Amino acid sequence: MSTVADVLSWGFLLTGSFFVISGGIGVIRMPDLFTRLHCSGVTDTGGAGLVLVGLMFQGGLSLVTLKLLFILGFLWFSSPVSTYALARAALAGGEEPFWAEDLDLPPSARIPGFSPRPVPGEGEE
Amino acid sequence: MSDQIILRVATKIIVPTILLYALYVQFHGDYGPGGGFQAGVIFSAAFILYALVFGLRRTHRVLPTWVVRGCASAGVLLYGGVGLASMVMGGAFLDYGVLAHDPKHGQHYGILLVELGVMITVFGVMVTIFYFFAARGREDL
Amino acid sequence: MFGVASVAVLVTMALALTRALLGPTVYDRVLAVNMFGTKTVLIIALLGFLTGRPDFLDLALLYALINFIGTLAVLKFFEYGDLSRRLDQGEAGP
Amino acid sequence: MGVLVDFALLAFLATTAIAVVRTTNLFAAVMLAGIYSLLTAGLFTVMDAVDVAFTEAAVGAGISTVLMLATLAFVGSRVKTPQLRITDISAKVPVRRPVFPLVVVLVTGAILIWGTGDMPAYGDPANPIHHHVAPRYLEESEHEIGVPNVVTSVLASYRGFDTFGETTVVFTAAVGVMILLSAMRRKDRFGEERWGEESVPDLFRGFAPTFWLGQDGRMRAPPSQPGEEDEGGTP
């Protein structure tokens, strides 16, 4: 039983570490604020969640696991809220999202179905 | 404008949780990390969060200034009062052993009351400072 | 095994710190600080297990609860220039 | 492993500190200070000082950022005097090079670093601090106080006087902030709302000397300069 728990714990911790690191790299590499927000969200919910679940398998059925569960719940609650607040404040503050046109790709390389940059006053909802 | 509804709902959910957690820190301080100072700061953080989202005006309706100031002084008075009580009951100042028949129980009561005093003072002081600073921001930044 | 996860979290902390130092806009810095807070929750939880003292978790719980107060305060301050108004109103009070 | 975490956290700490000093945007400085506080809490945790880490976490995450921002609302978020950088010293503005303070800081720092050579090693059981009252606290706390957390029993019972003094200091801080901010009060923009705007003589009616703060509690120019009617401070 404990071997199974250990293996599961290993798996969760390693997957979580992968998510955490990939999100961290994304925060450095991504071109604009909103794509960076996406990466930070991956570490905050996916990575943190997996790491905490991995720790729960180590804690067993105890108060420790309960506390980890609480931490997980509050993280999953407060982190999206602050991400939302940040994105909204950035939009209101005039931060421009990064559009596919900014990449300067030839028209053949465009992703089909990818919405072009909206022209102000035309076709907006 | 109702587009801040997410923040408001989130605040309404998380503020009671923070208050509850502050009480846990306060009364669990004998067994784990924490104590009066930390609990007071966390308690005031909940009200500061409320003030950030709902505005200072509404927070003043929930928690008027005179209550906060009263808290700031009541805590110190409670602390000193415990010391005086132990003097009245025949011990030295802040010697809690005389507060109950069993010295250990006396120590327990004394520590509980003293930590409560610290928490109330710290809570009052933090919120007072926040009120004073937040109310006096300039508009022309 | 906690060591591996700790190293991963530390590397991510370093990356977030880099973003906080580079951050062209204020929002980037806020993002980095927010992310740093979450990573602190993780590193404290991992350290508790690493040193065999899981009662450190109270600390992580505290961070998970009140870490976004700072984020909110920064955003509000940046939008309005002070901290006293309601969040959704240009003018104070009804 | 613990050593690695130590080194990493200390390196982050040093980076953040240098960045805080070098940035001219106070806004960024506030946010970096938040990171600094998080790192400090992590370091305290590594050193097993959970109660201290708890305090740092509670104050750093919740309160200090908010209070620093509120201060920025008073003073603005840019550095007013041009900050001296090595590359900026030859700029157009003739700046006075603060050589003497630099020398003082360097000498003091060198003396302090030299002094650490005489300190006992971290965690050494032969440290003087582990030999006077600490053993008694650790051994007798269980019988005398009966509280499992020794920090609590030391804080609230053995060192009750100290904590009483600390609580009084915290209270005094609030009184000081109230007096200072009441004295520099400006026109409130909340109309007839009365909260938080009592002037000092209202709080201390009877013993506030009127020659110090003036009749209504504002800091006034002395009567010999009648031109200054404005409430002192920023326009």
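## Basis

The model is predicted.

## The interface of chain B and chain D

The contact draws 51 residues from chain B and 54 residues from chain D. Together the two chains bury about 4800 Å², and 71% of this area is on carbon and sulfur atoms. Between chain B and chain D, six residue pairs are in polar contact, with both residues at pLDDT 80 or more. Salt bridges across this interface number zero.

On the side of chain B that touches chain D, the elements giving two or more residues are α1 (5-27), α2 (36-54), α3 (56-62), α4 (65-88) and α5 (103-135) of chain B. The largest share comes from α5(B), with 17 residues. Sorted by class, this side of chain B holds 28 nonpolar, 14 polar and nine charged residues.

Side chains of opposite charge can pair when their charged atoms come close. Over all chains, the count of salt bridges is three.

Asp28(C) pairs with Arg36(A), and their closest N and O atoms are 2.4 Å apart. This pair crosses between chains: Asp28(C) belongs to helix α2 (residues 26-50) of chain C, and Arg36(A) to helix α2 (residues 33-59) of chain A. Asp28(C) and Arg36(A) are both buried. A salt bridge also links Asp44(A) and Lys39(C), at 3.4 Å from N to O. Here too the pair crosses between chains, with Asp44(A) in helix α2 of chain A and Lys39(C) in helix α2 of chain C. Both Asp44(A) and Lys39(C) are buried.

## The pair in the α3 helices

Asp58(C) and Lys67(A) form a salt bridge through their side chains, at 3.1 Å from N to O. The pair joins two chains because Asp58(C) lies in helix α3 (residues 57-80) of chain C and Lys67(A) in helix α3 (residues 63-92) of chain A.

Are the two partners buried or exposed? Residues count as buried under 20% relative accessible area. Asp58(C) has a relative accessible area of 2%, so Asp58(C) is buried. Lys67(A), with a relative accessible area of 13%, is therefore buried as well.

Notes. Residues are numbered from 1 along each chain as its sequence is written. Chains are lettered from A and ligands numbered from 1 in the order in which they are written. This is a predicted model: local features need pLDDT of at least 70, side-chain atom pairs count only at pLDDT 80 or more; totals for chains, interfaces and linings use all residues. Side-chain values use heavy atoms; hydrogens and water are left out. Contact means heavy atoms within 4.5 Å. Buried area is the accessible area (1.4 Å probe) that two parts lose on being put together, summed over both. A salt bridge is a side-chain nitrogen of Lys or Arg within 4 Å of a carboxyl oxygen of Asp or Glu. A polar contact is a pair of N or O atoms within 3.5 Å; within protein, one must be able to donate a hydrogen and the other to accept it, and residues adjacent in sequence count only if both atoms are side-chain atoms. Helices (H or I, at least four residues) and strands (E, at least two) are DSSP runs, numbered from the N terminus. Ala, Val, Leu, Ile, Met, Phe, Trp, Tyr, Cys and Pro count as nonpolar, Asp, Glu, Lys and Arg as charged, and the others, Gly among them, as polar. Buried means under 20% relative accessible area, exposed over 50%, partly exposed in between (1.4 Å probe, protein chains only).
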